[in-house]
Amino acid sequence: MVGVATDPGTFSSGVSARRVIPNGLDGAEHAAYRAVVDRYLTDERVSRQVGPCRTLAAAIVDTLPRGTSVEILASVGIPFAVRSQSSWLGWPSALEAVLVAWIRDNQVATRSGDRAQTAEVAQRFDQLILELLEPRRGRPPTDVTGELMNDTVEGRPLTDAEIVSILRNWTAGDLGSLATSVGVIVHFLATHPDLQQELRTRAGAGEHEALEAAIEEILRIDDPFVSNRRVATCPARLGDGAIETGDQVLLDWTAANRDAAVFGDPDRYAPEENAAANLVFGIGAHRCPGRALTLMELRVITEELLGRTDLIALDPDRPGIRETPPVGGWATVPVVLS
Ligand code: HEM
């Protein structure tokens with residue numbers, strides 16, 4: 001699988017009829033747009049978001065009831081994903097209800113496998129973004145969305161269609177991934193109380209790197225970002241199988257992250273040992289440019305959850321429900337905070 005992801009010449013990302021920037025591009029064209037995307041996701045940019053992210057994470061955790069059942073996806077994962085991405089992009093909080101409804105509709109459409117339904121939901125999102133561009137047009141940028149509207153690729157301004165495509169990829173799928181990641185992390189901590197206590201202590205000591213390494217390892221064990229596709233540009237061999245030009249190949253990140261030949265027992269939590277082979281954020285030219293932002297956001301919400309509780313336990317009366325493939329992770333994670 002790593003061989004496919006790191007050989008974009010043979011295995012193209014151009015799997016969709018739509019032009020998807022930068023995910024669906026290859027070679028020099030991909031590199032040009034990827035350079036634009038990377039400008040917004042540098043460590044310096046991410047560090048500017050820590051403060052706003054902490055404020056909204058703390059506010060979410062403060063409103064959670066103690067001693068009674070709380071469903072983590074609905075009460076923490078989804079609002080935190082929407083608010084932190086909106087804060088980064090400069091989108092109004094009034095949009096929250098629309099974005100929350102959109103995440104749900106998108107998951108339903110993805111699960112249904114119905115192309116018409118998926119296209120309709122995607123179209124609705126594009127319209128939403130276009131409406132966000134209007135008030136920013138012709139004005140000096142005051143947020144990431146405005147900056148992107150004034151940005152250039154290969155010396156010319158980005159078109160509206162390109163801006164919408166880039167913003168769609170920063171939000172559309174990633175809002176869902178962020179939300180489900182919160183569910184996976186909280187479920188893991190609730191079922192591993194010793195680790196939970198260790199990380200609560202480390203969070204209190206400001207051990208940011210250790211917290212992010214723990215999060216990346218928890219996501220490896222139960223990776224909610226399931227897969228991506230490639231299409232063969234020429235005949236190739238994969239293991240014992242022959243691939244013909246035009247064949248689609250699935251990069252199954254969840255399965256690769258649990259490959260016993262690489263990790264031994266895939267359920268063994270070993271952040272340091274497994275870091276080098278961890279594929280949660282992909283590998284090769286398309287590896288996730290949002291990794292640092294994502295890990296920071298997930299760390300901050302985890303720190304606030306651990307720092308403002310003594311214990312997070314699964315609700316004994318309401319078992320969590322797994323998501324339905326192709327969506328990964330948990331659909332619901334009911335817990336009791338004390
Ligand atoms: C838990 C959250 C996330 C996970 C697990 C994740 C994982 C991944 C993976 C595995 C890829 C590689 C795709 C491929 O090889 O085809 C990828 C690509 C990408 N991710 Fe993420 N991602 C997450 C969140 C984010 C966020 C928050 C952003 C934006 C702020 C983002 C932006 C992107 C973009 C633009 C690409 C395409 C890069 C390219 O084609 O060069 N991701 N992500």
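A salt bridge is a side-chain nitrogen of Lys or Arg within 4 Å of a carboxyl oxygen of Asp or Glu. The model is predicted, so local features need pLDDT of at least 70 and side-chain atom pairs count only at pLDDT 80 or more, while totals for chains, interfaces and linings use all residues. Residues are numbered from 1 along each chain as its sequence is written, and side-chain values use heavy atoms, with hydrogens and water left out.

The structure holds 30 salt bridges. Three of them are listed here.

| Pair | N to O distance |
|---|---|
| D222 and R322 | 2.8 Å |
| R308 and D62 | 3.0 Å |
| R299 and E303 | 3.0 Å |

Helices (H or I, at least four residues) and strands (E, at least two) are DSSP runs, numbered from the N terminus. Buried means under 20% relative accessible area, exposed over 50%, and partly exposed in between (1.4 Å probe, protein chains only). D222 counts as buried at 17%, whereas R322 is partly exposed at 39%.

The salt bridge of R308 and D62 also links distant parts of the chain, 246 residues apart: R308 is in the loop between α14 (291-307) and β9 (312-314), and D62 is in helix α3 (residues 43-62). R308 is partly exposed, with a relative accessible area of 34%.

R299 and E303 are four residues apart in helix α14, which separates them by about one helical turn. Both residues are buried. They belong to a network of salt bridges that links R54, D62, E212, R299, E303, E304 and R308.
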